[in-house]
Amino acid sequence: MRIKKIVASLFSLGMAASPLANATNGYFPIGYGSQNEGMGGASIALPMDSLAAANNPAGMVMVGDRVDVGLIFFKPTRNAEISGAQNPQFTNGNFDGNGRSLFYIPSFGYNKLINADTSVGVSVFGNGGMNTQYDTNFLGGTGPLGINLEQLFIAPTWSQKINANNSIGVSLNLAYQMFSATGLQAFDNAFFSSNPGFVTNKGTDTSTGYGLRIGWTGEVSPMVTLGATYQTKTKMSKFSNYKGLFADQGSFDIPSNYGLGAAVKATQQTTVAFDVERINYSGVGSVGNSFTALPTTAGGTGLPLGATGGPGFGWQDMTVVKLGVSYAYDSTLTLRAGYNHNNQQIPGSQTLLNVLAPGVVQNHLSLGSTWKLANKQEVTFAYIHAFNQTVSGAIIPGLGGGNANISMHEDSLSLSFGWY
């Protein structure tokens, strides 16, 4: 059976039964799995459950035999402001992008030790996404204005201890994407698009692809464990229904990323984890290419939407710093807290298109806990708040000037059950 059919079947069975909207570190979540989320996403050197492959596949052999099922209740708040616009198609004012305000994001992990040094498993998780729905169309189109992007990863994983202190691992990331856009009629013409008729209101399109994540963990002393991980760019099939919107005729690959981590056993009860991650958004044209000039067909000097090398959302590469603390209160209760910070990847010159994708939040605080129950079961809770962030910017002069300002804040609650 082809990869697309396998992934689509899991999707329809409820592994990813609702839109994903993880606009936290750009459009990536700050972490994967409830225990990881409670640590601010820091776990490259600190595997905790069978979602560990999403953070560093080398950690799967460390978590042993276990199953984890989780659900995130995610509430982003998205807003846009248009002011001083001279283009008669644009409407000045403040606009609420929360046509849908609550999202449910499931996850699943399974890991099995083949022997004391080898494990195989699979992690299923929302890799990221973005959603906006403005009931008022302020960009000159008709009907609601917005987009919906969903990304699902299914990651079969092999992990191996190479000696008493070091392990390696590799995951095959099988990826499935869904995308739709509405209300962009003002850009769906031969002046702005290389493929008019394929910019907006084309329903939900799908895309499949694959990539790899590799990783290493090593205990350098009884107190310190280090980790490193790298994920290749995930090459995806094109969104053919939106070949007039995304650069390179509908291309939308998933960026490569890499990170380093450390976990320090500060006391018998306390562990401190620290990660640094780099997400290469600029390496995907539809995400990283700038939109600063009108296309030549509209009297400007730029390329049209959908063209080879054409405009994208102008996102820069992102560096993420993650810090988490875990405290074993007693044999049954573990408490966690974390902080996550990223640089702003959306420049002020790129805010107009990013009213559709205002993933501007930079600072997150998290809290979490795990209760161990009878019969090798546990329940984990995590709460994340992303503080409000605004990026103010200018509408390009060719579109009449003025300002386009975008803002967002977020809250999420995560619950998971584990069997080990």
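## Salt bridges, pocket and surface patch

R66, D68, K372 and E378 are linked in a network of salt bridges, a salt bridge being a side-chain nitrogen of Lys or Arg within 4 Å of a carboxyl oxygen of Asp or Glu. The model is predicted, so that local features need pLDDT of at least 70 and side-chain atom pairs count only at pLDDT 80 or more, while totals for chains, interfaces and linings use all residues. Residues are numbered from 1 along each chain as its sequence is written, and side-chain values use heavy atoms, with hydrogens and water left out.

By this rule there are seven salt bridges.

| Salt bridge | Closest N to O distance |
|---|---|
| E277 and K322 | 3.1 Å |
| K235 and D253 | 3.3 Å |

E378 in strand β15 (residues 377-394) and R66 in strand β1 (residues 66-83) are 312 residues apart; helices (H or I, at least four residues) and strands (E, at least two) are DSSP runs, numbered from the N terminus. Both E378 and R66 are buried, where buried means under 20% relative accessible area, exposed over 50% and partly exposed in between (1.4 Å probe, protein chains only). E277 in strand β11 and K322 in strand β12 are 45 residues apart, and both residues are buried. K235 lies in strand β9 (residues 235-236) and D253 in the loop between α4 (247-250) and β10, so this pair ties together parts that are 18 residues apart in sequence. K235 is exposed, at 52% relative accessible area, whereas D253 is buried, at 7%.

The nonpolar surface patch is formed by F274, V276, V321, L323, Y339, L365 and F387, with about 540 Å² of accessible area together. Patch residues have over 30% relative accessible area and no salt bridge, and nonpolar side chains (Val, Leu, Ile, Met, Phe, Trp, Tyr) are joined within 5 Å. Accessible areas come from the Shrake-Rupley method with a 1.4 Å probe. Strands β11 (270-279) and β12 (318-328) each give two or more residues to the patch. V321, in strand β12, counts as partly exposed because its relative accessibility is 32%.

The largest pocket holds about 800 Å³ of space. A pocket is an open set of points on a 1 Å grid where a 1.4 Å probe fits, with protein on both sides within 12 Å along at least five of seven lines; lining residues have an atom within 4 Å of a point. Of its 35 lining residues, L46, P47, M48, K265 and T271 are the closest to the centre. The lining divides into 15 nonpolar, 14 polar and six charged residues.

Key
Patch = residues over 30% accessible without salt bridge, like charges linked within 9 Å, V, L, I, M, F, W, Y side chains within 5 Å. Points joined across faces, edges and corners; volume = space filled by probe spheres on them. Nonpolar A, V, L, I, M, F, W, Y, C, P; charged D, E, K, R; others polar.
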